[in-house]
Structures are given as structure tokens and as C-alpha cells.
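Me: I am new to this structure and would like to learn how to read its features. Please show me the entry.

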Amino acid sequence: MTEAPNPAPNLQETVAAVGREMDAHRGEGKVADYIPALARVDGNRFGMAVITTSGETAEYGDAWMPFSIQSISKVFTLTMALSRIGESLWGRVGREPSGSRFNSIVQLEAEKGVPRNPFINAGAIVVTDAVLAGRTSAEAIADIRDTLRKLADNETIDVDREVASSEAATGFRNYALANFMRGFDNMHSPVEEVLQTYFHQCSLRITCRQLARAGLFLAKEGQDPLTGERILSPEHARRVNAIMMTCGHYDASGEFAFQVGLPGKSGVGGGILTVVPDKAAVAVWSPGLNEVGNSQVGTLALERLAARMGWSVF
Ligand code: DON
């Protein structure tokens, strides 16, 4: 006698079930306070949004509430830099996991001002320099914002100016990283211009709903499956996903690959964008961070969602 195959998991029911389980965990982790304006966020928030390549959406909790995108912006500036200057970017930034904290400076001297990967702060600042090249920081900031608006299909996405000035007032490590790289000729525009752009990209406010939509092109080899528009070449889209998998959670990237098994990128605002190749994009948000700086409840939600949907790429 043959057993009946397990029915395919239902997306709506699974998102609702995982979301309800997360309600019991709300408030876990520690809200980032090294950027003063971020410390004021309500740590009890939890939101989750999924959008599939065929356009089905499923949401839970605070999926409609804007939060600070922070390091998740690095996925979109990497996309823009690859479109602008292509493979030559890899002469200025590597693609190996760093095994260090996101704002570490220790490897930069030994590696002659070439950061390990585009997602640690040093690497992201180089990527921003590539996005900025040939224009003012105001023009580059508007371009990054407009790119995100277009990808998210939402015109309301904007920079939180208070967070941006809070970052500029306290971003001493980022100033150190950028000046150090300038000393190795790996910073082409003036440090102040590059960092203004970087602080503003990190200060964009976005919802889970918008973020999942904005990342959907990465689930379809660089082509937006809902509009048909090509955002990035298939080769570059594969690279962005590879770097998300290996470097997207800093020194917890191995653990995220082990537990979730999907390309993902976290931010200290408590958001995580995750790509399910050929299937979907998922955004979660919960402001409390674990000791490595990734959303604690957001990570747990993704572990459960990926396991139940059978989404791990491994
Ligand atoms: O530069 C910083 O420190 C922040 N604007 C971004 C850091 C961040 O999100 C790291 N992510 N986990």
C-alpha cells in the first residue's frame, strides 16, 4: 500500500501559524542603541510579509509599519553598483565572509584597504562610493530612494532625516573605515559625501510589505516577475544571492544558512530580507537583536517558515 503524499503546505495558513507563534516571543532581544534615534523604537513589534513570484501575498502582524532599513539597503546599493560598473567592482571589494563584526576595522590594514565583502560596513561604503561616482550626494541619495520606490512599487518610501543625522553624529567607526580606505586609494569621492550618502541609504524607512516586494527580482534571476522588467542581469543576480547567503548576517551567516537555508540580509533596525529562489521574497521585522546584531524573533520566524514551507535551498 502506498502512502498518500503530504499535501503542499498552504502559504496563508503557514504565515498565520508562524506569526501567532511569534506573538509569544515579541520583545525578545535588545533594540540597537548605538544609533540614538533607533533606540526609541517599540521593541514589541513583529511583522512578516511574503510575496511569491506569481504575486500571491501573505502577511502577519506589523507588516504595514515602517522601520529603519539599515544594512538591508546594502542589497540595493550593491544591485545599483553592479549595474553601473559591473565586474570592476570586485577589484575594490571582495566576496568572502569576514567572520568579524559588521563594523570591524581589523582586516582592512592586512588586506590593503579592500574590504572582505559588500555587506560589512567597510565594503558597503565602497559600494556607496561606486553608486555616488560623478554626482553629488543629494543626487545619489535621491537615486537610491527612487530605485527602492520603484522596486517596492511605492512612492511614499523616504529617508528618516532624524535617523540620518543621528548616524552622522555618532558614526565615528564609519568615518574611521572610510578615511582608512581613502588612505589606500579605495575611496574616490570625498569621505564626507560618501558617508552622507551611506547614512541616508541606511535611514530609509520601509515596511515588510514594501521590502518583500522590492526584493522579489532576486527570486527570479534579476527580473521582476510581476512587471517583467529586468533589474539586474541573471549573472549579477546570482552573485547578489550568493553574497547574501555567505555574508548577509555577518559572523552569523553560517548559522543562518544552517537554520534557514536561504539568502538573507539583516539590518540593525531589526529587519531581514530573504530570497526564496524561483518562489518568493520574505521580509520580517522585529527590533530586538541577538548578540551578533540580527533580529532575534525575525530569525526564529524565518527558521520556522522556511522549514514548514520546505524552502531551504539545501
Ligand atoms: O553603519 C551602521 O552601523 C548602520 N547604519 C548599519 C549597520 C547595520 O545595519 C548592521 N546590520 N546588522
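Me: How many bridges join β5 to strand β6?
Reply: First, the basis: this is a predicted model, where local features need pLDDT of at least 70 and side-chain atom pairs count only at pLDDT 80 or more, while totals for chains, interfaces and linings use all residues. Residues are numbered from 1 along each chain as its sequence is written, and side-chain values use heavy atoms, with hydrogens and water left out. Strands of a sheet pair through backbone hydrogen bonds, either parallel or antiparallel. Here two bridges join β5 to β6 (residues 204-206), and these strands run antiparallel. Strands (E, at least two residues) and helices (H or I, at least four) are DSSP runs numbered from the N terminus; two strands pair if DSSP finds at least two bridges between them. Val-159 stands opposite Leu-204 in β6.

Me: In what order do the strands of the open sheet lie?
Reply: The order is β4-β6-β5, with antiparallel pairing. The edge strands, β4 (67-68) and β5 (158-159), each pair on one side only.

Me: What is the phi of Gln-70, and what is that of Lys-112?
Reply: Most residues other than glycine have a negative phi. Gln-70 has a positive phi, near 50 degrees, and Lys-112 has a positive phi near 55 degrees. Gln-70 is in the loop between β4 and α2 (73-85), and Lys-112 is in the loop between α3 and α4 (121-132).

Me: Is Gln-70 buried or exposed?
Reply: Buried means under 20% relative accessible area, exposed over 50%, and partly exposed in between (1.4 Å probe, protein chains only). Gln-70 counts as buried because its relative accessible area is 3%. Lys-112, at 59%, is exposed.
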